[in-house]
Amino acid sequence: MAPVEEAEQVKKRKALDGIVVPDPDAFAALAPVSPVSKKGRTRSEGTQQASDIPEPEFTKSEHIPLTTHTDAFGNDPVPVSWGHPDPAVRAPVICTVRHHAQRNAIGAHQGSYCIYTGLAVAAGKLDPDYIPDLRLTSPVFKIGPHPSWSDPKKIAALDPYGHMVTEYYADWLEKGWDIRPTIAVTKAHIDLPECREALAKGRLEADGKILLPSGQSICRKAAIEPVWYLPEIARRFGTTETNLRHSIFRMTNGMYPELITRPDIKIFLPPIGGLTVYIWGDPDTIPDEDIELTCRVHDECNGSDVFGSDICTCRPYLTHAIEECIKTAQRGGCGIVIYYRKEGRSLGEVTKYLVYNTRKRQEGGDSAERYFNCTEQVAGVQDTRFQALMPDPLHFLGVTKIHNFISMSDMKYNAIVNTGIKIVNRVEIPPELVPPDAQVEITAKVFHGYNAGDAYKDIDEKTLKETKGRDYDYEGKEEAKK
């Protein structure tokens, strides 16, 4: 986000100070507390013994409580010590329907796809009591543990142990607990036409290890579902946990009443998209600051990334980053692309398309000068990606230094370096990769302060006023002009 946008958001946040929030007395104390043991439960330090693992209590699938309350009869959530370096002491995240009284997280697994699970049960295609067979699902390469895993200020938006359920919590699984991974780690061959083109033009060379003669690149990848530790999420957004819970409850039309009624549960699995990490090269080199690391953090843009829409720079910047990651890996380093599901600046694709129509139909046509105003006119805000949570997967991977950051966003840059990660070089998108109709976007962003380097040094106020996008030939266009 440009400095102008950030300044406006700061003003709006200050304006919110006068908004009345619920009386704190209406909630239980929301400050982080040490886990409370129930039923004689004890915490072991170090290796966990089978006797330390509580017995699972199974919920009958036909029993549907509308909500639960702290200290109500029967509620006995498994205590969690978020940030503890020993996963046995930290304890697993439990958020399945099988152990309703013992859940230690609000929400459901699979993010927004949890609704489809409900449809599958309703259609009689899925047994609600089914427990996955995880025997062959363990990671195909190692990630961590890293020192950052035990620092909530570095990781609070994902579960760093989410990919190691079958390793760290095998005894729990053997006892019958239904514990689901929130991270899956695998390998892949990536086939992009841009890589084949780069081979043909000599920008890339096949080495048979990272890049095949066919143009396919070999990478490792990890899918990550969001797991939020609410006290730290609130701290990062400069608010109270009470206000955070109230705001989410309100803006989801009361979808999660336990955000209000269960302040003792500090973990929330939000119904939002997750992210995917793609790695070229040896992931074991990532924590080594002396070995070159190239990285791009990319926010989803289905229209461009998948279908090649030329109204933005998303796909060309993404594929350029992949090309740079491959080159870095071939030099003995490592390349990372983190792909967030934050469609339309996290405002959604419908909102994004409404903004497109506004841009094209406004008086004077699509203009770089009014690029940011159109989003706020439709959505009431220019951007809801809020990069405060964005660096967490970097810390999950053990990143402490990025040699080449493939991004022009100051907001992403600042979010990363403010968590202690060093960035050496910032790499802008080459001008020749910017599509014709995306000149509006790149001009507006550069003029308002995006890091652009020498390649875009000639963009000034005159260029901002003169840069126009393609005119739409849409139904009712002539009537709209009258």
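Phe386 is partly exposed, at a relative accessible area of 29% (buried means under 20%, exposed over 50% and partly exposed in between, with a 1.4 Å probe and protein chains only). The model is predicted, with local features needing pLDDT of at least 70 and side-chain atom pairs pLDDT 80 or more, while totals for chains, interfaces and linings use all residues. Residues are numbered from 1 along each chain as its sequence is written, and side-chain values use heavy atoms, leaving out hydrogens and water.

The structure holds 13 aromatic pairs (rings of Phe, Tyr and Trp, the last by its six-membered ring, with centres within 6.5 Å; planes under 30 degrees apart are stacked, over 60 edge-to-face and the rest tilted). One of them joins Phe386 to Phe237, and it is edge-to-face because the planes stand at 85°, with the centres 5.9 Å apart. This pair links distant parts of the chain, 149 residues apart: Phe237 is in the loop between helix H7 (230–236) and helix H8 (241–251), and Phe386 in the loop between helix H13 (371–379) and helix H14 (392–397) (helices are DSSP runs of H or I, at least four residues, numbered from the N terminus).

By contrast, Tyr278 and Trp280 are stacked, since their planes meet at 25°, with ring centres 6.3 Å apart. Tyr278 is partly exposed at 21%, whereas Trp280 is buried at 1%. Trp149, Tyr161, Tyr168 and Phe396 come together in one aromatic cluster.

Charges also sit over rings (NZ of Lys or CZ of Arg within 6 Å of the ring centre and within 35 degrees of the ring normal). The charged end of Arg220 lies over the ring of Phe141, 5.8 Å from its centre, and that of Arg296 over the ring of Tyr317, at 4.1 Å.

Key:
Helix = DSSP H or I, 4+ residues; strand = E, 2+ residues; numbered from the N terminus.
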